[in-house]
Amino acid sequence: MESSDGAIWFAVEGREAFRLDMTGDRWSTYKGLHYQGESPDGMRWFVERRDFLQSTFDGVVRYDPASGTWRRYTEPDGLMNQASGILVSRSGDVWAVGGQDSVSAIARYVEDEGDGHWVTRTYPDLSWNIRSNALLEALDGDLWFSSELRWRVDAGQKGGLLQIDPERFESGEAIRHAP
């Protein structure tokens, strides 16, 4: 994937992210970081995976190429405790998906005077996690998220899809499409 400065990011699921800076001849390797995309303000977004085999995630990392600074977001910043994927919408909103204590969760990044924070909503009747490879922004701007394939019926989880109007996310409104 090419970023706005012309660098190329290579990422393979379960492996490190590599950045090829086309202005030089150096590679950079970021162990445990998995490149997810770039927001319109030039910020680069990653999920941090601690253990690939256990699918254990640590948080979300933002890189600011203008200042060369890195910022890690975790649960104290409002993020769910198992962020596994990121979607950057056409409007520039940054969305994280994953789980919070074995319950599906979606979070939206909110800019503020500091380093920003996350607003997280959970969806207990969906699944234990939102799939990181099943995120979609529809032409009308609605966001679609898929549950993991195996959900816990004993916990009242029914699986399916969530359709969210970004304007109504803060209120917790979502349309659930069950199988």
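**Exercise 1. The hairpin of β9 and β10**

Task: In this predicted model, determine how many residues lie between β9 and β10 in their hairpin, and which residue in the turn has a positive phi.

Solution: 
- Step 1. Locate the strands: β9 covers residues 94–99, and β10 covers residues 104–110.
- Step 2. Examine the connection: four residues lie between the two strands of this hairpin.
- Step 3. Describe the pairing: β9 and β10 are antiparallel and share five bridges. One example is Trp95, whose bridge partner in β10 is Arg108.

**Exercise 2. The hairpin of β10 and β11**

Task: State how many bridges join β10 to β11, and identify which residue of their hairpin takes a positive phi.

Solution: 
- Step 1. Strand β11 spans residues 117–123 and runs antiparallel to β10, with seven bridges joining the two.
- Step 2. Val110 has His117 of β11 as its bridge partner.
- Step 3. Six residues separate the strands in this hairpin, where Gly116 has a positive phi near 85°.
- Step 4. Consider the cover of β10: six of its seven residues are buried, that is, under 20% relative accessible area.

**Exercise 3. The sheet that contains β10**

Task: Give the order of the strands in the open sheet that includes β10, and explain why one side of β8 and of β11 is left without a neighbour in the sheet.

Solution: 
- Step 1. The order of the four strands is β8-β9-β10-β11, and their pairing is antiparallel.
- Step 2. Strands β8 (82–88) and β11 stand at the edges; each has a single partner strand, so one side of each has no neighbour in the sheet.
- Step 3. On average, neighbouring strands of this sheet are turned by 25° against each other, direction ignored.

**Exercise 4. A second open sheet**

Solution: 
- Step 1. This open sheet has the order β12-β13-β14-β15, with antiparallel pairing.
- Step 2. From one strand to the next, the twist averages 20°.
- Step 3. Strand β14 (residues 161–164) is joined to β15 by three bridges, and the two run antiparallel. In this region, Leu161 stands opposite His177 of β15.

**Exercise 5. The surroundings of Ser147**

Task: Decide whether Ser147 is buried or exposed, and list which residues it touches beyond four places away in sequence.

Solution: 
- Step 1. Ser147 belongs to strand β13, which covers residues 143–147.
- Step 2. Its relative accessible area is 4%. The limit for a buried residue is under 20%, so Ser147 is buried.
- Step 3. Leaving out residues up to four places away in sequence, Ser147 touches Leu126, Ser127, Asn129, Arg131, Gly159 and Gly160.

**Exercise 6. The chain as a whole**

Task: State how many helices and strands the chain has, and what share of its residues is buried.

Solution: 
- Step 1. The chain has zero helices and 15 strands.
- Step 2. Of its 179 residues, 46% are buried.
- Step 3. The chain exposes about 9600 Å², of which carbon and sulfur atoms supply 49%.

Definitions and conventions: Residues numbered from 1 in each chain as written. Predicted model: local features only at pLDDT ≥ 70, side-chain atom pairs only at ≥ 80, totals over all residues. Heavy atoms only, no water. Buried < 20%, exposed > 50% of the residue type's maximum accessible area, 1.4 Å probe, protein only. Contact = heavy atoms within 4.5 Å. Pairing = 2+ DSSP bridges. Axes fitted to C-alpha atoms, helices over the stretch in contact; angles between N-to-C directions. Areas by Shrake-Rupley, 256 points an atom, 1.4 Å probe, with all protein chains shown as cover.
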